[in-house]
Amino acid sequence: MALQVYGAVPRTSMVQNYALQGIITKQPSMVCVAGEAMKRKERGMSMSFRVKASLDATAAAAEAVAEVGQVTEVTYETFWPIVKAAGDKTVVLDMYTQWCGPCKIMAPKFQKLSEKYDDVIFLKLDCNHENRPLAKELGIKVVPTFKILKDNKVVKEVTGAKMDDLVVAIENARSI
């Protein structure tokens, strides 16, 4: 049985700090909470987690498939497996909402970019209720927001419908 742990509080504050220090790690096949986190628990300061279990550890990864040359819709469960599978390729994430006018204007332009760059993976995330935990984890404040990732890390962010800034950011990330 595989366990995946998600912090029940926003990844700012204590949980994010522990994650950065390596005290809390997220791995598809195990859960690790150690060090200072355990000491806090012993002192009566609790940390709560929502645990999601699955019999097949590769279930989320099997669904997480992105193809070059097209924009792939991702969810909270499929985003990180795709980013990890991308390795050293550049990943561009369009964070949008259905009701956002500038998001609707950028969507066809984003699609054309995916067809232009055959060495970049283009993803989109609808920041609806189901995907809100991932949007918060990635620190979204406005839509549209474009996150450019390389080696599992955000290297650049472009907020707003700024196509020229997005193209420059993609070009810079590809050259890293």
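E73 counts as partly exposed, at 37% relative accessibility; buried means a relative accessible area under 20%, exposed means over 50%, and partly exposed lies in between (1.4 Å probe, protein chains only). This is a predicted model, in which local features need pLDDT of at least 70 and side-chain atom pairs count only at pLDDT 80 or more, while totals for chains, interfaces and linings use all residues. Residues are numbered from 1 along each chain as its sequence is written, and side-chain values use heavy atoms, with hydrogens and water left out.

Side chains of opposite charge can pair when their charged atoms come close. A salt bridge is counted when a side-chain nitrogen of Lys or Arg is within 4 Å of a carboxyl oxygen of Asp or Glu. How many salt bridges does a search of the whole structure find? The search finds four.

E73 takes part in a salt bridge with K124, and the closest N and O atoms are 3.7 Å apart. K124 belongs to strand 7 (residues 120-126) and E73 to strand 5 (residues 71-73), so the pair ties together parts that are 51 residues apart in sequence. Helices (H or I, at least four residues) and strands (E, at least two) are DSSP runs, numbered from the N terminus. K124 is partly exposed, with a relative accessible area of 28%.

A second pair to look at is K147 and E157, whose side chains meet in a salt bridge at 2.4 Å, N to O. K147 is in strand 8 (residues 145-150) and E157 is in strand 9 (residues 153-159), so this pair ties together parts that are ten residues apart in sequence.

Now turn to R174, which is found in helix 7 (residues 163-174). R174 forms a salt bridge with D119, the closest N and O atoms being 3.1 Å apart. This pair links distant parts of the chain, 55 residues apart: D119 sits in the loop between helix 5 (101-116) and strand 7, and R174 in helix 7. D119 is partly exposed at 33% relative accessibility, and R174 is partly exposed at 31%. Together with E171, these two residues are linked in a network of salt bridges.

Leaving aside its neighbours within four places in sequence, R174 is in contact (heavy atoms within 4.5 Å) with T90, Y117, D119, V120 and K150. The C-alpha atoms of R174 and V91 are separated by 9.5 Å, and these residues are 83 residues apart along the chain.
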